[in-house]
Amino acid sequence: MDQQKFLELLQSIQIPDTNRVKAATTELRKTYYPHPQSLLWLLHILTSHDVPELRQQAAVEAQRLIPKHWSSLPADQKPAIRERLLESTLSEDKALVRHSAARVIAAIAGNDLEDGEWESLPGLLFQAATSKQVAHREIGIFILFSLLETAGDAFEDKLPGLFSLFSNTIKDPESAEVRINTMLCLSRVAMLIQPEEDPENLARFIEIFPGMVAVLKSSVDEQDEDRVMQAFEVFQTLLGCESALLNKHFKDLLTFMINLAADTDIPDESRSQALSFLMQCARYRKMKIQAIRDMGETLTLKSMQIATEIDDEEDDDDVTPHKSALGLLDLLATSLPPRQVVVPLLAALPQYVNSAQPKYRQAGILALGMCVEGAPDFIATQLDTLMPIVLKLLNDPEIGVRNAALNGVARLADDLAEELCKHHAELIPALLKNLDSASVQASSAADQEKNLDILKASCSALDSVTEGVDKATIVGYIPELVPRLGRLLGHTDLNVKASAAGAMGSIAGSAMDAFLPYFETTMKALSEYVTLKDSTEELDLRGTVCDSMGSMATAVGAKAFQPYVQPLMQASEEALHLGHPRLRETSYILWSTLAKVYQEEFTPFLDGVVKGLMESLEQEESDFEVELGEEAKDILGQEVVIAGKKVKVASATDAPDDLDEMGDDEGGDDDDDWDDLTAVTAVALEKEVAVEVLGDVLSNTRQHFMPYFEKTVETTVGLVEHSYEGVRKAAIGTLWRSYACLFGLMEDHTGEKWTPGLPLKSQPSEEVLKLGEVVTAATLSVWDDEVDRAVVTDINRNVSATLKLCGPAILTQDKFAESMTTTMAAIITKAHPCQQDMGDDDDHEDLDDEESSEYDWLVIDTALDVIIGVSKALGSQFGEVWKIYQKPVMKYASSQTNYERSTAVGVIAECTRNMGAGVTPFTEVLLKLLLHRLSDEDPETKSNAAYAIGLLIFHSTNAAAYLPSFNTVLSKLEPLLQTRRARTLDNACGCVSRMIMAHQDKVPVDDILPVMVDLLPLTEDYEENTPIFECIAGLYSQQNSSIIELTPKLLPIFTTVLSEPVEQLDLPTRAKVIATVKFIAEKNPSWVQGNETLMRCVHG
């Protein structure tokens, strides 16, 4: 090899000529870099060449070759190389070269220290870090940081000495670089501390921590943007370490950060970084925040104040303190109980929405909108109070306030559609008024831009609101809504068109067949946008239009939509190849919708659909990398924070075909560290949609999907442990749906339905058993240690639904029942990993009785639903399993939180219903609790208690335990029978009916029957029609005089329940009602004459 030629090639890389750079790089990699001699030459250039750019290039290349070649260099040359390298680095005057050389030293030391060599280096670095020369201290600490990164374990026994050094360098009076590099070192030291095993070093870290905060503060004060970024990154890193490191100072740190964020005298970038840190705290340290008195309220109120800094002229993509503050409110509402966030927010809301300053009014409604998703149930209880505020802001004189109010309404409607529907008479006209006001041409370009914003926001609000409106209500608004939105479909602005198309789809979805008169015209207007492809905006519009058409297909039904299916499917398949991820997802969702509408008739499209979905799922996903130029080569291989995500930095000149012979295994020690840090890619988001749609398609096309079934399961299993939680969630969901589908096909084939209990009365087919093995194994690989709440929640939902649909067969799979029981017990006692703070092994018993956030409660709620599923699958055998769960469920039934009590009582009711007489051993303990809950202050809990106690009396054979309480139960039911709340009335009537059927002689039938009949027919909870009409039918069969006297009142009730909707009665109950009608007709034919419905029953 020619050393001079080697040098010339290296110099060529510095020339801004792409072809020469590529040629030189290729020759270096093929001819020189495979040989150890090249590393010697690079180190020589680094330590002796007079051109800094070449020294820098040599450092970068040397660092890459050290893992491959350092061990091959002659041992007798290494001491001189080490000495010269350290000496030249300490005297290097170019910062970029210094830092790159430091990384070379760290890379060599990482190998040497493991082999017991260069043991003098730590001492030399300590010496440099305490030198009187500032430059030596700076580079000494930076080399130490680089070494802690690459070979941190070598310092585990040197931590006391490091803390002694860092306690001085963190306060270096002359150099901000020494101080910030010390912080970087401490972030690496933090990873080495095991608090329980190493209390002394934990104490040392806690002692030095205020000095780290001081470095951040001084960097912010000096407006040193780079060092501020580095300091914030250190604090972000600490959130991923053991929580004990931050516990003592956590309250002060949160207070410092929110005060920093609220300080308008410092740069916005620093304020946004402080808010970003607080967001991570809300996400990963929520239990710690919850445990600090008033902290949730403080963060909420200061975020609201920051949110007033709205600038209507700012770009949508700008990261600003006010946007970050709204993002923090969103996370706080999701992570903390309502009383810590939503309650203080609502208390402060009047001073914002009634302020004379428009920005305060905007901030108020935007803040409310951000909190809805996190606490929908609580905000639903406040909606009657909030609506006058919302309506007032929708009519505000300031256009910016109205825009904010429209956005707030859209957010409210997204999560509270049913509750908001009750206010349609005031709300929809207010939205139309805004739409109309912005439909006129403005006098200036700026005002026209504001009008466009109002048009889009009005359509968006209508989109969300009308999606939740029932058919009977929306029909009255269609003549007002459809013509206006139809006109906007021809608007010149593509985004306005898209917003109008979205709203039109929602209206159709709510109106169902009532949309038919407008269907053809609307489809004609939309059809011209289905093939647009000349710009990103056109493709965005095309996607929204396809979504809207999907809603219309659902609304008008298969027959009316048939002419549009073929062209729409062709357009959707073309959309896969237009390089627009959102449009591909839209195509997949359209396929899902059409599969639901056409079901088995969708079969002709399966080849193309499955091919498209499989191609999506089989896409390669590369690491998220950022390419930077020469000037940033110092941070090659490091992690940096971009848009809140930690990412690897790649060289702009890195060839993708890196040398195979260099061996990834030797240079890739840190790859595992990146597993949890990669950003979510567009491909991962697309796969999430694709795998979910695959589940929709197979569920709806059933046996016609069988040719693709095995490949689908195989591909989906491969996604169960994907790095993105959305893919994991969707993949496991699709596996469970595939099991339910195959099980249903088996039952259809055999004609046998499953029966509760084990051992199984009939064995599933080999295919079902094998698939069950695959599905349960995939689920158990994730379920018990998954840290994402949404994934665990969705697994719970799928398991619960399958148990209810397919029975106990799945419980026979190896280790599944035991693992499921353990996981459910962990969740309902708040001990599952997804319910813990990151890096937190603390016991949170002090928070066990505290209210959960609504989002946290979902995990528990769905776990309780799994328990109900098990009770349905096991039937009377469930008693043994109930013993495991009884104590925690009853604890929730006595919670201070309404929804926890009502849910737990509902669980007791459903389990009682499913286990039948198996509930007998638990009669006394359950009766005591349910009697107490019958007087609960919460209507839902009281209603569920009535349902539960009726089932307990009906099914338990321990009459001696409950009969003494019969009169107490009846007296507590009396006020429930006088309420105006439909569901409570339904459950109270059901309870009385079950009590009569269980012990007619203990109930004052003559007094209570007239009251109950006056409350019929039920309007909400049709399930309770079963006990009510069974009871009535039974009394007729006994020829009970009280019921016969009530016949004139009962006949119109029978007429109603035997008419539409058919869901009012299940088939056995319908048969009993018909038999009763026939009995009445036999006794007195005149009672049913003239009544068509009843006459059909008699003759039918």
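# Working chat: rings, charges and backbone

Q: Is Phe515 buried or exposed?
A: Phe515 is buried, with a relative accessibility of 0%. Buried means under 20% relative accessible area, exposed means over 50%, and partly exposed covers the range in between (1.4 Å probe, protein chains only).

Q: What kind of model is this, and which cut-offs apply?
A: This is a predicted model, in which local features need pLDDT of at least 70 and side-chain atom pairs count only at pLDDT 80 or more, while totals for chains, interfaces and linings use all residues. Residues are numbered from 1 along each chain as its sequence is written, and side-chain values use heavy atoms, with hydrogens and water left out.

Q: How many aromatic pairs are in the whole structure?
A: Rings of Phe, Tyr and Trp (its six-membered ring) pair if their centres lie within 6.5 Å; planes under 30 degrees apart count as stacked, over 60 as edge-to-face and the rest as tilted. The search of the whole structure gives 27 aromatic pairs.

Q: What is the geometry of the pair of Phe515 and Tyr518?
A: The pair of Phe515 and Tyr518 is tilted, at 6.2 Å centre to centre with 40° between the planes. Tyr518 is partly exposed at a relative accessible area of 25%.

Q: And why is the pair of Trp857 and Tyr899 called tilted?
A: The planes of Trp857 and Tyr899 stand at 50° and the ring centres are 5.8 Å apart, so the pair is tilted. This pair links distant parts of the chain, with Trp857 in helix α41 (residues 854-874) and Tyr899 in helix α43 (residues 898-915), 42 residues apart. Helices (H or I, at least four residues) and strands (E, at least two) are DSSP runs, numbered from the N terminus. Trp857 is buried at 6% relative accessibility, and Tyr899 is buried at 15%.

Q: Which residues do ring pairs link into a cluster?
A: The cluster consists of Trp736, Tyr739, Phe743, Trp783 and Phe816.

Q: New topic: how many salt bridges does the structure hold?
A: A salt bridge is a side-chain nitrogen of Lys or Arg within 4 Å of a carboxyl oxygen of Asp or Glu. The structure has 47 salt bridges.

Q: Which residue forms a salt bridge with Arg103?
A: The partner of Arg103 is Glu149, with the closest N and O atoms 2.9 Å apart. The two lie in distant parts of the chain, 46 residues apart: Arg103 in helix α6 (residues 95-114) and Glu149 in helix α8 (residues 134-151). Arg103 is buried at 6% relative accessibility, whereas Glu149 is partly exposed at 22%.

Q: What about Arg271 and Glu309?
A: Their side chains form a salt bridge of 2.6 Å, N to O. Arg271 belongs to helix α15 (residues 268-284) and Glu309 to the loop between α17 and α18, so this pair ties together parts 38 residues apart in sequence. Arg271 is buried at 1% relative accessibility, while Glu309 is partly exposed with a relative accessible area of 30%.

Q: Where do Glu615 and Lys611 lie?
A: Both Glu615 and Lys611 are in helix α33 (residues 606-617), 4 residues apart, about one turn of the helix. Their side chains meet in a salt bridge of 3.0 Å, N to O.

Q: Which residues form the negative surface patch?
A: The negative patch is made of Asp311, Asp312, Glu313, Asp315, Asp316, Asp317, Asp318 and Glu398. Patches use residues with over 30% relative accessible area and no salt bridge; like charges are joined within 9 Å, nonpolar side chains (Val, Leu, Ile, Met, Phe, Trp, Tyr) within 5 Å.

Q: Is Asp316 buried or exposed?
A: Asp316 is exposed at 71% relative accessibility and sits in the loop between α17 and α18. Asp318 is in the loop between α17 (295-307) and α18 (321-335) and is partly exposed at 36%.

Q: Backbone next: which residues does a cis peptide bond join, with omega about 0°?
A: That cis bond joins Leu1016 and Pro1017. Another cis peptide bond, with omega about -5°, joins Glu1060 and Pro1061.

Q: What is phi of Lys815?
A: Phi of Lys815 is near 65°, a positive value in a residue other than glycine. Lys815 lies in the loop between α39 (789-806) and α40 (816-828). Most residues other than glycine have a negative phi, and most peptide bonds are trans.

Technical notes
Accessible areas come from the Shrake-Rupley method with a 1.4 Å probe; for residues, only the protein chains shown count as cover. Lys and Arg count as positive and Asp and Glu as negative; His and the chain ends are not counted. The place of a charge is taken as NZ of Lys, CZ of Arg, CG of Asp or CD of Glu.
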